[in-house]
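Hi,

Here is the structure I promised to pass on.

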Amino acid sequence: MRDQLVEAFLAADGPISGEELSHRLGLSRTAVWKQVKALEQVGFEFEASPRVGYRAIRIPDELMAPLVRPHLPPECLLGSPILWAASRASTNDTALELAAKGLPHGGVVTAGEQTGGRGRRDRAWASPRGGMWFTVFVRNPCALRHAPDLTLLAALGVCRALRVEGVPAQIKWPNDLLLNGKKIGGILAQIRAEGELVDHAVIGIGLNANFSIEALPADIRHRATTILHEMGTPIHRAKVLARILTQLDALYRDLQDGRGFQAVHAEWTALCSTVGQEVEVAMGEERLRGIARSIEPDGSLVLETSPGVTRTVVSGEVLFSAREQV
Ligand code: BTN
């Protein structure tokens, strides 16, 4: 209902009367008025003229279906439906709940803010208003052995989309997004396997977009930042989400067709800031120090731990500094 109302305001080239809205939406005039008030709560502004109707004079840049969809190409299989709420505990949790109730492939759950956002290793993920917090739902994406490709490809899709928008993001292996060497985003994928196949996956993506770094916890501000802070201007979040979904759609279709990470290995490596750096990698409780030498065609990281000695890390996390808590 709310989405239909927003669509009506977007399509209108002048004020729309309460009567017209109530007719189009099949709602009483009072119900329309309540919906308009609810939109005002989330940043819409209307000019209400007696006997003429309402005209939207401010449409906020939220990740709502009617604001994202106009930027999606018709062939994109991701982005239907887009389920926005002003606040959710975690978009991944909502997506997992909806998955059990038949959410179709390509459904996207978005939120204005998250009150219980989760990062990898069960860490809290600060998710204030102004960020991009969303989860993409995919069914039958790949074989279980290719499950790591889901996050590796998501990192690439986000990186590509940001670069098209003029934000020179990089990837920190395996799936952090960096800007000017600091973290602006991360990916939390959760999968459900059936035998050797991934039955479905929720790909949670968080981007510190349009808010000030003061909204980030003080203890991570030395290694995390926001796009607004680094670029000095906000990004158009609805458009960026559409670009990300378009990229992911192409990458995930290739993955389903058997062309996974290997097909984009060279591009991924070129965007990865980790290669060539001296790093510390956390693999569960184990820590490995060394120089990141390369990314293998299967997505694993090759670390030179002492001259001439290498270790291949299939899954782990590159720390920003040896003191970083994981
Ligand atoms: C990380 O780098 O630790 C991963 C962070 C993932 C955060 C996103 S925000 C949208 C989705 N919902 C969550 O609760 N987490 C992911």
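First, the ground rules. This is a predicted model, so local features need pLDDT of at least 70 and side-chain atom pairs count only at pLDDT 80 or more, while totals for chains, interfaces and linings use all residues. Residues are numbered from 1 along each chain as its sequence is written, and side-chain values use heavy atoms, with hydrogens and water left out.

**Overall fold**

The protein chain has 9 helices and 14 strands; these are DSSP runs numbered from the N terminus, with helices being H or I of at least four residues and strands being E of at least two. Its radius of gyration is 21 Å, close to the 20 Å from the globule rule for 326 residues, so the chain is as compact as a globular protein of that length. (That radius is taken over C-alpha atoms, and the rule is 2.2 Å times the number of residues to the power 0.38.) Along the principal axes, the C-alpha trace spans about 80 × 45 × 30 Å. Buried residues account for 49% of the 326 in the chain. Here buried means under 20% relative accessible area, exposed means over 50%, and partly exposed is in between, with a 1.4 Å probe and protein chains only.

**The ligand**

There are 19 residues around the ligand, and Ser90, Gln114, Arg118, Arg120 and Lys183 come nearest; a residue is near if one of its heavy atoms lies within 4 Å. By class, this shell holds 5 nonpolar, 10 polar and 4 charged residues. For the classes, Ala, Val, Leu, Ile, Met, Phe, Trp, Tyr, Cys and Pro are nonpolar, Asp, Glu, Lys and Arg are charged, and the others, Gly among them, are polar.

Some polar contacts stand out for a closer look (pairs of N or O atoms within 3.5 Å; within protein, one must be able to donate a hydrogen and the other to accept it, and residues adjacent in sequence count only if both atoms are side-chain atoms):

- Thr91 has a side-chain N or O atom 3.2 Å from a nitrogen atom of the ligand.
- Arg120 has a polar backbone atom 2.7 Å from a ligand oxygen.
- Lys183 puts a polar side-chain atom 2.7 Å from an oxygen atom of the ligand.

How much of the ligand does the protein bury? Taken alone, the ligand exposes 420 Å², and the protein buries 99% of that (Shrake-Rupley areas with a 1.4 Å probe; for residues, only the protein chains shown count as cover). The elements giving two or more residues to the shell are α5 (91-100), β5, β8 (182-194) and β9. The largest share, 4 residues, comes from β8.

**Aromatic rings**

I get 4 aromatic pairs. The rule: rings of Phe, Tyr and Trp (its six-membered ring) pair if their centres lie within 6.5 Å, and planes under 30 degrees apart are stacked, over 60 edge-to-face and the rest tilted. One of the pairs is Phe9 with Phe46, tilted, at 4.7 Å centre to centre and 45° between the planes. Phe9 sits in helix α1 (residues 2-11) and Phe46 in strand β1 (residues 45-49), so this pair ties together parts 37 residues apart in sequence. Both Phe9 and Phe46 are buried. Together with Phe44, they form one aromatic cluster.

Trp133 and Phe211 make another tilted pair, 6.1 Å centre to centre with 45° between the planes. Trp133 belongs to strand β5 (residues 132-139) and Phe211 to the loop between β9 (197-207) and α7 (227-231), so the pair links parts that are 78 residues apart in sequence. Trp133 is buried at 1% relative accessibility, and Phe211 is buried at 5%.

**Trp173 and the backbone**

Trp173 lies in the loop between β6 (170-172) and β7 (176-179) and is buried, at 1% relative accessibility. Its side chain reaches the backbone oxygen of Gly299 at 2.8 Å. The C-alpha atoms of Trp173 and Gly316 are 8.7 Å apart, although 143 residues separate them along the chain. The peptide bond from Trp173 to Pro174 is cis, with omega near 0°. A cis peptide bond also joins Ser80 and Pro81, with omega about 0°; Pro81 is in the loop between α4 (65-68) and β3 (82-88).

Finally, Arg51 has a positive phi of about 65° although it is not a glycine. Arg51 is in the loop between β1 and β2 (53-58) and is exposed, at 84% relative accessible area. Asp122, also not a glycine, has a positive phi of about 60°; it lies in the loop between β4 (108-114) and β5 and is exposed at 68%.

Cheers
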